[in-house]
Amino acid sequence: MSTRLSTSQRRSTAAMVEAKRGWLHAIPDWLFIIVLFFVPIVLLVVMACSRWGLMGGNRGINFPDNFIKVFSHPLLGHAVLFTLEYTVLVTAFLLALGLGLALIVQESTKWNNMLRTCFLLPSATGLASASLLFYAMYSPQVGPVTKILNFFGLMDSNGSVLSTGQSALWATIIVIVWRFSGYYMLLMMIGLQSIPGDLYEAARMDGAGAWRIFRSVTLPLMRPTIVMCLVYCVTGSILAFDQFFIITRGGPNNSTLTVVQLIYSFAFESKKDLGMAAALSLIVLVFLMIINSIQMRGMRDNTK
């Protein structure tokens, strides 16, 4: 009996030692999360509820004044609608093109490496660098795009691709699709390679064609990967800033103003009010958390 008790005690002691060792290993990660995530969130909430100017600092609590001023701002509604429009278009193009390129690369045998390199090459370019590159290409003075459109009669000689809101939107979407399609192709390829080949063989033996195999085998098994890409794409599109700040500056006439650009304007341009900027940032954060939780639930439901 005493031997059994001593063995049990030794096991429990060893388990406690292992648990303490695990917590010690996790301490640096927790410190990293606290310093770089929880502390900024707490500071954001404090700023959103305070009268906090860019130069004057914190001048006391004024909740809910910042939120009232944000919701009553005349450009908020347009910025939200434009951001949602941009998000829907970019997400549709990137997911469809990423999956299509992944299927092309997977089916190709002779040109596999060359195609993969060509599609991934734009991903090595930074977003700011890509935006500056296309801004130069769209320039009526030095860029070739206006001259090409003018040659085919699609634009006046004195016109500009960025002269209207819709053309500026599509010009920016082209930049993002060019920059990120290879990245999403790579993610889709990982999902495609995880599908067992036996399923395709069984489907072919049952007489299923290429479209039926894609609809009944590929798409259902690719759902977790597609949901993950959807989360990345929606989050990145809602937080779009660099491309519009460099290419359009929100113009013409605020027609390409995004929510994040409005936050920047509150903080550093028109208002110079960090409290209003923090209030809108907090609203965007809550909205993103809700959207991402809905998307992640779709991934969990698929794994049950």
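View A. Ser-237 sits in helix 10, residues 223-238 (helices, H or I with at least four residues, are DSSP runs numbered from the N terminus). This is a predicted model, where local features need pLDDT of at least 70, side-chain atom pairs count only at pLDDT 80 or more, and totals for chains, interfaces and linings use all residues. Residues are numbered from 1 along each chain as its sequence is written, and side-chain values use heavy atoms, with hydrogens and water left out. With 4% relative accessibility, Ser-237 counts as buried (buried is under 20% relative accessible area, exposed over 50%, partly exposed in between, with a 1.4 Å probe and protein chains only). Leaving out residues up to four places away in sequence, Ser-237 touches Thr-83, Tyr-86, Thr-87, Val-90 and Thr-91 (contact means heavy atoms within 4.5 Å).

**View B. The buried side of helix 5.** Helix 5 takes in residues 127-138, and its 12 residues at 1.5 Å each should span 16 Å; the end C-alpha atoms are 16 Å apart, so the two agree (the expected span is 1.5 Å times one less than the number of residues). Buried here are Leu-127, Ala-130, Ser-131, Phe-134 and Tyr-138. They cover an arc of only 100° around the axis, so they lie on the same side of helix 5 (the arc is that of the directions from the helix axis to the C-beta atoms). An α-helix has 3.6 residues a turn, so residues three or four places apart point the same way. The buried residues of helix 5 pack against helix 6 (144-151), helix 7 and helix 11 (242-247).

**View C. Ile-246, a residue of helix 11.** Look for Ile-246 in helix 11. Ile-246 is partly exposed, at a relative accessible area of 22%. Setting aside neighbours within four places in sequence, Ile-246 is in contact with Ala-128, Ser-131, Leu-132 and Tyr-135. Ile-173 is 73 residues away from Ile-246 along the chain, and their C-alpha atoms are separated by 13 Å.

**View D. Helix 7 and its bend.** Helix 7 runs over residues 165-193; its 29 residues should span 42 Å at 1.5 Å a residue, and with the end C-alpha atoms 41 Å apart, that agrees. At Phe-180, helix 7 bends by about 40° (the bend at a residue is the angle between axes fitted to the seven residues ending there and the seven starting there). Arg-179 lies over the face of Phe-180, 4.6 Å from the ring centre (a charge sits over a ring if NZ of Lys or CZ of Arg is within 6 Å of the ring centre and within 35 degrees of the ring normal).

View E. Rings of Phe, Tyr and Trp (its six-membered ring) pair if their centres lie within 6.5 Å, with planes under 30 degrees apart counting as stacked, over 60 as edge-to-face and the rest as tilted. By this rule the count is 13 aromatic pairs. One of them joins Tyr-183 and Tyr-184: the ring centres are 5.4 Å apart and the planes at 80°, so the pair is edge-to-face. Tyr-183 counts as partly exposed at 34% relative accessibility, whereas Tyr-184, at 4%, counts as buried. Ring pairs also link Phe-241, Phe-245, Tyr-264 and Phe-268 into a cluster. Over the face of Phe-245 lies Arg-249, 4.0 Å from the ring centre.

How values were computed. Helix = DSSP H or I, 4+ residues; strand = E, 2+ residues; numbered from the N terminus.
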